[in-house]
Amino acid sequence: MLTSPSNAKVKQVVLWQNKAKERRKDQVFLAEGLKMFGEAPLSWIREAYLTENACEKAFRNPEMKAKLDRISWEKVSDEVMEKMADTQTPQGILTVLRCPSYDLETYLNKQNGLFLVLEDLQDPGNLGTIMRTSEGAGVTAVIMNKKTVDIFNPKTIRATMGSIYRIPFILADDLTEILQKMREKNIQTYAAHLSGTEFYTGRSFQKATAFLIGNEGNGLSKEIAEMADSFIKIPMEGKLESLNAAVAAALLIYEAKRQRSL
């Protein structure tokens, strides 16, 4: 059992927890809790750390016990878990996972794909919620530029509620290149934009579609917005100009899901 917060392994986990640069360097991310451990693809798991209490819970579950039997894991004291965890009240299990990679072309070539393209989102809760909602709406892949908040931020991971394991995502160096590829593959692109003259409910999203969602405060950059095939807007009452990015994304992708279910 690891009992010292100064242990080298504990220090390494703390670095991964707190420093995006360290996660990128070692191509790992962290997930807390029994649910996140239970849903994690076995091939993604690098190692896990459990408290005594979490061990007892996990070993009472045949599926979790079988998973523990196939991975590298260590028992840690409550004090050590509090040091390693990002939450104030840790659930007693922390999983270290390998970062997945996805081939963009594979997803762009899917028939009638549904995509979200995110530019410069900064709130980890928004990004996590978008990933979770994307799974529910059947999104093919979420594409984001590298100025968007780190998808492996612990707060983002928690907000995905496990969808991080199931929704493909692409980290793009240049969104303009991706939007050009989408144009070449006849994927219709729609910018959620204040300049839109038509409500999103008036367009058809039954063919391959991508929705462009911009920064929470500034929206889409002019360069990215102008690459969209159309501007669309969401009807609003009162004095509001825009909605939360995750809410706007949810409305758009669920409208596409609704149309495709008719």
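Which residue in β10 is the bridge partner of Tyr190? I'll come back to that one when we get to the sheets.

Quick housekeeping. This is a predicted model, so local features need pLDDT of at least 70 and side-chain atom pairs count only at pLDDT 80 or more, while totals for chains, interfaces and linings use all residues. Residues are numbered from 1 along each chain as its sequence is written, and side-chain values use heavy atoms, with hydrogens and water left out.

OK, sheets. When I say helix or strand, I mean DSSP runs numbered from the N terminus: H or I with at least four residues for helices, E with at least two for strands. Two strands pair if DSSP finds at least two bridges between them. And as a reminder, strands of a sheet pair through backbone hydrogen bonds, parallel or antiparallel.

For angles, axes are lines fitted to C-alpha atoms, for helices over the stretch in contact, and values run from 0 to 180 degrees between N-to-C directions.

Now back to my opening question. Strand β8 (residues 188-192) runs parallel to β10, and 3 bridges join them. The partner of Tyr190 in β10 is Ser230. Contact, by the way, means heavy atoms within 4.5 Å.

The other sheet I want to show is open too, with 4 strands in the order β1-β4-β2-β3 and mixed pairing. Its edge strands are β1 and β3 (73-75), each pairing on one side only. The twist averages 15° from one strand to the next. Look at β2 and strand β4 (residues 93-98): they pair in the antiparallel sense over 5 bridges, and Tyr49 has Leu94 as its bridge partner in β4. Helix α1 (residues 8-18) lies across β1, β2, β3 and β4, at about 95° to β1.

Next, the inside. A nonpolar core here is a set of buried Ala, Val, Leu, Ile, Met, Phe, Trp, Tyr and Cys residues joined through side-chain atoms within 4.5 Å. Buried means under 20% relative accessible area, exposed means over 50%, and partly exposed is in between, with a 1.4 Å probe and protein chains only. The largest core has 52 residues, and Phe29, Leu116, Leu118, Ile164, Tyr165 and Phe211 have the most contacts inside it. Helix α12 (residues 245-260) gives the largest share, 7 residues. Leaving out residues up to four places away in sequence, Leu116 touches Ile130, Val139, Phe211 and Ile253, among others. There's also a second, separate core of 23 residues, including Phe115 and Met227.

On to the rings. Rings of Phe, Tyr and Trp (its six-membered ring) pair if their centres lie within 6.5 Å; planes under 30 degrees apart count as stacked, over 60 as edge-to-face and the rest as tilted. That rule gives 10 aromatic pairs. Phe29 and Trp44 have ring centres 6.4 Å apart and planes at 75°, so they are edge-to-face. This pair links distant parts of the chain, with Phe29 in strand β1 (residues 28-32) and Trp44 in the loop between α3 (34-39) and β2 (45-50), 15 residues apart. Both Phe29 and Trp44 are buried. Phe152 and Phe169 are edge-to-face as well, at 5.8 Å centre to centre and 70° between the planes. Phe152 and Phe169 are also buried.

Last stop, two single residues. Where does Asn215 sit? It lies in the loop between β9 (209-213) and α11 (222-225), and at 15% relative accessibility Asn215 counts as buried. Among its contacts beyond four places in sequence are Glu119, Asp120 and Leu220. Then there's Ile178, in helix α10 (residues 175-184), which is buried with a relative accessible area of 7%. Ile178 touches Leu104, Ile143 and Ala172, again not counting residues up to four places away in sequence.
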